[in-house]
Structures are given as C-alpha cells and as structure tokens.
Amino acid sequence: MNACLLNTHQLSNSRLLQIIVGGGTAGLALATRLSQELPDDCVLVVEAGPDGRNEPGIYVPGLRGTTFGTAYDWSLPTTAQTEANNRTIVHNRGRVLGGSSALNLLVWDRASMREYDAWEELGNPGWNWKSMYPAMLKAENFQRTNGTAQYGDNGVGYGGPIQTSLIEDPPLHLQAGIPTLQNLGLEHNLTPLNGHVLGAAYHPATNYLGNHTRSYSVAFLPRAGNNLVIMFNTTVHKVDLNSNASRATGVVLTDGRKLTAKKEVILSAGSLLSPKILELSGIGQKAVLANAGIRQKLNLPGVGENLQDHLRIQNTYELRPNITGLDILKYNKTRAALELALWKQGEKSLYQYAGSCFGFLKWHQTGPNASRLLQLARSSANTSNIVDRMKLSTLLDAASPAPDLEVVFSDGYLGTRGYPAANTTGYGKKYASLIAGVMHPFARGTVHISSPDPLAKPTINPRYLAPAFDLEATAHAAQYLRTIASTPPFRDLWVSEFDPGAATETHADWVRYVRENVFTFYHPMGSCAMLPRGEGGVVDPQLRVYGVGGLRVVDASVIPVILSAHVQTAMIARRYRGGGA
Ligand SMILES: Cc1cc2nc3c(=O)[nH]c(=O)nc-3n(C[C@H](O)[C@H](O)[C@H](O)COP(=O)(O)OP(=O)(O)OC[C@H]3O[C@@H](n4cnc5c(N)ncnc54)[C@H](O)[C@@H]3O)c2cc1C
C-alpha cells in the first residue's frame, strides 16, 4: 500500500483535507476512492484498532468467530432486553482495520430492488436500485467455479477489489438445502443477487479462491493513491466544531491531540459508535446529552434513534455420524491441526470457507398460520412514523419482491448455548444449524451515550421482541425451521433435534424458546438515518449532518430502513456512487 509518510504534526499543519473516522467497511472503501479522485488532498483514516492483516483469525475463513471477544472486537452489550428474558446480547463489532468486515461471516448478498427504491421514496433523491446496483457490482470480482453450487448469468460483478465465490464443495447438509426448500414450494433461484432475491439459492462468500483467504475492505487499499494515511490504535473522542457549532474543523483524539481537517470530517465508526461521537461532540437530543453531562451545541433529536436489527433464531440438528461437519474441528484437536496444515499448504481443507445455502421467502409461503402475522403487523406498526409505514406497506404487499424471512442452512453448531461442553451428552457430535432471520421487525431502538467518558461503551437498547409482531414472527419462524428440517432430503441427514428439542411443541413453548434464544443477526443499522430532518433524519441525501458544515456520516447508521440482506455489500457500494464527498 502506498501512503504519505507524514507524522501527526505535519498532518495537522499541511495538506490534511479529509479526516475519516473509522477504517472499517465503509471507511476504507471511501478513503480509497477519495484518494484516487482527489490526488492533491491528503486523506487521513483514524482507526481505533490495530492493522490485523497478519491475524489468522481474520484471514483464515474457517477461523471466523475466533476473534469475537478479543482485542479486535468492541464487544458492545445491549441493556437487559425485557422481552428476551432480560438477557443482555453482546454485539461483536470489528475494532481493527477493515472494521466488521474483518470479523463477519463472509456472506455477500443484496436485498430486493424494492428496498433500495424505498430509500428514495423516503426523501432521498438518487438513492435507488438503479444507482445502487451498478455501484455494488463495481465493488466485487465474482470468481466463477464449476463446483456443485452454481450461479446464473447475471447479478454478479467482475474486476472489483472484493473477491467473491460460491462454496466449492458444499457438505451434504448444505446441498440438501435447495431440494428441501423446493419440496416446500420455493423456486431454485440461480441469480439471487440481481434484485430478485426470493427462492432457494447459494449466495457468494467473500473468499479469495487463490489462497482461500477472507476478502474484506482492506482489499481496497492497494488501489489507493499515496495520499492516503492511516493512523492505527488511535481513537477519536469527538468532532471539533467552530465557535457557533456551524462547521466541523477537525477531530479531538482521546489523548487530547487535535487534528484539523481543511475540508471535511467523515464519520464511519459504525451504527453503534458514530452516534456516540456525535453526542460527545454536543450534537443530539438535549435530554440525552444533559443526562451524560454534555453541553448541547446542536439539537438533532434523531441521533442514536431508529436503531434496527434483524432478529435471529436457530434450530440445531445432530447429524448422522457418517457425515463430515465443521464441528469436528472443535473436539478433535489432531484433526484440526491436520486441516490447518492442509490449509497452509493450499490443499483442500475444512478451514476453507464452508458457505451457506439460503432461502428468502414471503410469510405466506410458510403456511396458512402466517396470515395472523400480517394482522399483528398492522397493530405493531407506529403509523405516525415514516419508517414503520414503509415497512408495513412492503410487508402487506404480497406482490412485492422484498422477502420477509431468511433461512440459512449452516454447517456446525450455531446455537446461543455454544457448542456442548466436554462431558455433556452433546459433545463430540456434529450439527447442522438452521437459522431464521426476521427481515423487517418493527422494533426501532436506541444507542446513546450515558457518560462524557469517550472510553465508556454506549447504552444500546434495540428493544428486541418488544412489538407483538416481532415476537410472533420469530416464534413462527422457529417453528417453520422444524418444518424445513422435517422435509426430505434434509430430514434424512439428522438423528435428533438438539435445539429446541422434541419437547417444544405448543405455541407457548416456541414463544418461550424465542425469548430465551433470540439473538442479533449482527446487522444494526439506521441510528444516524438518511431521512428528512423533520422525520428524525440525521443526514441529508448527500450524507451531510444537518446543521453542521464539513461533517458527514457514511456507515451502516445512515440506512433509513432495514434491508433484507447482510449489510456489507451496501456499505461498500455506496462509496462508488457519483457525487460522493
Ligand atoms: C459477527 C458479524 C457477522 C456479520 N456477518 C455478516 C455477513 O456475513 N455478511 C454481511 O454482509 N454482513 C455481515 N455483518 C455485518 C457487516 O459486517 C457490518 O454491517 C458492516 O461491516 C458495517 O460496516 P460499517 O462501515 O458500518 O462499520 P464497521 O465496519 O464496523 O467500521 C467501523 C470502524 O470504525 C472504527 N471506530 C469506531 N469508533 C472509533 C473511534 N472513536 N475512533 C476511531 N475509530 C473508530 C472501528 O474500529 C471500525 O474499524 C456481520 C457483522 C458482524 C459483527
């Protein structure tokens, strides 16, 4: 990577024009683009975490998840979630170059075209499928293979920095996904990334096939000019504002140093941390700031509101003993060492990424009981809110291509209890997990500061399961997972249901199971929404913070209404739209 070799003193006094706060998924894509388009500007990325490019837990796809709870992870807990048995749910978030794209589970997909068009309908001219689709295609390089999993003719891009591929040798329990869903009436969709998501399909993973390594947003950096500088292990405390708070002039670091940006400060600290920086800077709701001991400089009530996330629930199935599954790496150390050695030699190995098989469907495809969910949606939506109205109209439109439910066929035990401990009955066995994601829950939560301390974690309340629809939809989804599991050919591959287990039968049982096991899908978004200011917006359609010059937000927090997709594709793509910063 080229980079201008200025020290901090020189930076603050010379050509430093743009400061990007957070070298994560969106941050690195944008920094690279700015450095290319503005060769005379110096672009500085300030990243709280380390470089991390030599960390096997990041670059070996089969070691994904091993970085959770380590120094590479912000590990941000929610408040006790009342409707989820007062459980606290920890949000893993990348604290390393590449941000959450360095920690995530490598899924590369898109939502339906309808959902990007909704951004424009919500008051953001130019933000629609027509502009987003080519932008997303440009970010990727699809590596076509002739494996069992196949992809059709359109919906994927070539020549971009992010390397994507389908799983090369799906295990039997993933191969069973498509015919099982077909037996339940879904179509096999060979081009699920072209805006028509519904159906059963393999989706690509961000996996470079040359050496089977994770491809993530650091892949942009070799394309950057030598005017891009990255400061690692450096945390931004707040945005420095001029005397009447009408313009951002730079940033203040947690060690007290100040960096001046001659053009702009751009926040890309992620949905759970960008609101914190705004609030520490005095931008936000009066009561929130007062409670935290911060003097309000700009009243912007939308900061930290409108937080949305997918609801995740999973059932797990003990596989027949003859089936190869990833769990063997957890209990058989010899086999794990052997497989890692094979990976290092570039040979076929379980540490290559084992991607997943997906189903995206409408509620009415999950059986007659689903109609009651639509009734509940009507009563759960707050129709005075623009985002809820958009969700409700999408949900009630049976002809809309926007999916309501995602189903993932995954290899390995992925339940909330964690892989069974040694000396328990479940230990030494292999599992398949069926994961369901409720795509458009009505919960809109909050993420705010509670303290002036820049090192304190924000207070996160996603309000999981609070709206009646969200609870019923998740319980319905878990029950539908059992229907899927009981359908051949998947049914022929397992010996028993481990979670929740056969004792879970009645509606009340399923609700209990959901309260105890609902989890984040790791997709928080919307907390600095791109919406009209009067509707709770924080940024305008150019991603400029309302009321302050020279300050933008560009991460997942600006997405106004939750997409039915894993988020990284949209984060990276936006940076390619015309008329950027
Ligand atoms: C465990 C997990 C699994 C996921 N799986 C998938 C998946 O398979 N597919 C998918 O599409 N999406 C997935 N996601 C979601 C997706 O990865 C994220 O939504 C996306 O990467 C968010 O990008 P971002 O730019 O908004 O934030 P991030 O990528 O999180 O970047 C924020 C950056 O800002 C830095 N930062 C924060 N505060 C400061 C500060 N004060 N000073 C300096 N730097 C700061 C952070 O360290 C970080 O590098 C997953 C996420 C997680 C956590």
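1. UniProt positions are given here in the numbering of this text, with feature names shortened, and such annotations may be inferred rather than shown by experiment. The annotation "domain: Glucose-methanol-choline oxidoreductase N-terminal", from an unreviewed UniProt entry, covers residues 94-117 and 270-284. This is a predicted model: local features need pLDDT of at least 70, side-chain atom pairs count only at pLDDT 80 or more, and totals for chains, interfaces and linings use all residues. Residues are numbered from 1 along each chain as its sequence is written.

2. On the two annotated spans: helices (H or I, at least four residues) and strands (E, at least two) are DSSP runs, numbered from the N terminus. Residues 94-117 are 21% helix and 0% strand, with 29 Å between the end C-alpha atoms. Residues 270-284 are 47% helix and 13% strand, and their end C-alpha atoms lie 17 Å apart.

3. The unreviewed UniProt entry also places the feature "binding site" at Val96, Asn104, Leu105, Leu106, Val107 and Val236. These positions spread over 141 residues of sequence and are also spread in space, up to 29.6 Å between C-alpha atoms.

4. Val96 sits in the loop between strand S4 (90-91) and helix H4 (113-121). A residue counts as buried if 20 or more other C-beta atoms lie within 10 Å of its own, exposed if 12 or fewer, and partly exposed in between, the C-beta atoms being placed from the backbone. Val96 is buried because 28 other C-beta atoms lie within 10 Å. Contact requires C-beta atoms, placed from the backbone, within 7 Å. Neighbours within four places in sequence aside, Val96 is in contact with Gly49, Pro50, Gly52, Tyr72 and Ala102.

5. Leu106 belongs to the loop between S4 and H4. With 20 other C-beta atoms within 10 Å, Leu106 is buried. Apart from neighbours within four places in sequence, its contacts are Pro61, Arg64, Ala205, Thr206, Asn207, Arg214 and Tyr353.

6. The ligand is surrounded by 40 residues, the closest being Gly22, Gly24, Gly99, Asn104 and His566; a residue is near a molecule or strand if its C-beta atom, placed from the backbone, lies within 6 Å of it. Asn104 is also one of the UniProt "binding site" positions. Helix H2 (25-37) and helix H16 (568-573) each supply at least two residues of the shell. The shell comprises 16 nonpolar, 20 polar and four charged residues, where Ala, Val, Leu, Ile, Met, Phe, Trp, Tyr, Cys and Pro count as nonpolar, Asp, Glu, Lys and Arg as charged, and the others, Gly among them, as polar.

7. In helix H12 (residues 371-380) the buried residues are Leu373, Ala377 and Ser380. Seen down the axis of H12, they fall within an arc of 70°, so they line one face of the helix; the arc is that of the directions from the helix axis to the C-beta atoms. Ser371, Arg372, Gln375, Arg378 and Ser379 are exposed on the other side of H12. The buried residues of H12 pack against helix H13 (386-396) and helix H14 (468-485).

8. Leu181 is part of helix H7 (residues 177-183). Leu181 is buried, having 27 other C-beta atoms within 10 Å. Leaving aside neighbours within four places in sequence, Leu181 is in contact with Leu186, Ala200 and Gly359. Leu181 and Phe490 are 309 residues apart in sequence and 9.4 Å apart in space, C-alpha to C-alpha.

Conventions: Contact = placed C-beta atoms within 7 Å.
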